[in-house]
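Trainee: I would like to learn how to read a model feature by feature. Please give the general idea each time, then the case at hand.

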Amino acid sequence: MDKISVEKASRYCSNFSFSEIQEVCMKTMKKSILNNSSDILLEDFSQSIIEVVLMYNFSKEKINYEKIIRLRENGLTLTNISELLGIPRSTLADKLKGGR
């Protein structure tokens, strides 16, 4: 499993608000503690970012695609985002192309 570097974490969260970054960090630390891991794993960090993006969206129809676009711009793959959200990659790609 890949560890996440500070540089990569910073890139993934660029343009996030302070409270969003704080929430991502708290969720990631919690996952590491619960998994009895001394490392911060990329998978846990990515999942925490997705959880924060969806935090106030109870329906997949109301996803904030602007944040998804920022995640893509900052290095998360569409496949990774798709798997974490449970939305087909093709549907997500269509939404990001402007079919929102």
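**Burial, packing and backbone**

Mentor: Valine 53 counts as buried, because its relative accessibility is 2%. Buried means under 20% relative accessible area, exposed over 50%, and partly exposed in between, with a 1.4 Å probe and protein chains only. The model is predicted: local features need pLDDT of at least 70 and side-chain atom pairs pLDDT 80 or more, while totals for chains, interfaces and linings use all residues. Residues are numbered from 1 along each chain as its sequence is written, and side-chain values use heavy atoms, without hydrogens and water.

Trainee: In which helix is valine 53 found, and what does valine 53 touch?

Mentor: Valine 53 is part of helix 3. Helices are DSSP runs of H or I with at least four residues, strands are E runs of at least two, and both are numbered from the N terminus. Contact means heavy atoms within 4.5 Å. Not counting residues up to four places away in sequence, valine 53 touches Phe16, Asn64, Lys67, Ile68 and Leu71. Its C-alpha atom is separated by 7.8 Å from that of isoleucine 63, 10 residues apart along the chain.

Trainee: Which residues have the most contacts inside the largest nonpolar core?

Mentor: A nonpolar core is a set of buried Ala, Val, Leu, Ile, Met, Phe, Trp, Tyr and Cys residues joined through side-chain atoms within 4.5 Å. Here the largest core has 25 residues, and Phe45, Ile49, Ile68, Leu71, Ile81, Leu85 and Leu92 have the most contacts inside it. Two or more residues each come from helix 1 (6-12), helix 3, helix 4, helix 5 and helix 6. Helix 3 gives the largest share, 6 residues. Take isoleucine 68: leaving aside neighbours within four places in sequence, it is in contact with Val53, Ile63, Ile81, Leu85, Leu92 and Leu96.

Trainee: How do I read the buried residues of a helix? Which are buried in helix 5?

Mentor: An α-helix has 3.6 residues a turn, so residues three or four places apart point the same way. In helix 5 (residues 78-85), the buried residues are Leu78, Ile81, Ser82 and Leu85. They lie on the same side of helix 5, because they cover an arc of only 100 degrees around the axis. The arc is that of the directions from the helix axis to the C-beta atoms. Their cover includes helix 3 (42-53), helix 4 (65-73) and helix 6 (89-96).

Trainee: And which residues are buried in helix 6?

Mentor: Leu92, Ala93 and Leu96 are buried there. They fall within an arc of 100 degrees down the axis of helix 6, so they line one face of the helix. They pack against helix 4 and helix 5.

Trainee: How do I describe a helix pair? At what angle do helix 4 and helix 6 pack?

Mentor: Two packed helices are described by the angle between their axes and the distance between the axes. Axes are lines fitted to C-alpha atoms, for helices over the stretch in contact, and angles run from 0 to 180 degrees between N-to-C directions. Helix 4 and helix 6 pack at about 105 degrees, with axes 10 Å apart. They are therefore roughly perpendicular to each other. Angles under 35 degrees count as roughly parallel, over 145 as roughly antiparallel, 65 to 115 as roughly perpendicular and the rest as oblique. Tyr65, Ile68, Ile69 and Arg72 of helix 4 meet Leu92, Lys95 and Leu96 of helix 6.

Trainee: How do helix 4 and helix 5 pack?

Mentor: Their angle is about 140 degrees, with the axes 10 Å apart. Helix 4 and helix 5 are therefore oblique to each other. Ile68, Leu71 and Arg72 of helix 4 make the contact with Leu78, Ile81 and Leu85 of helix 5.

Trainee: Does lysine 31 count as buried or exposed?

Mentor: Lysine 31, in helix 2 (residues 18-34), counts as buried because its relative accessibility is 16%. Beyond four places in sequence, lysine 31 touches Asp44, Gln47, Ser48 and Glu51.

Trainee: Where is asparagine 36 found, and what is its phi?

Mentor: Asparagine 36 is in the loop between helix 2 and helix 3. Its phi is near 55 degrees, a positive value in a residue other than glycine. At 75% relative accessibility, asparagine 36 counts as exposed.
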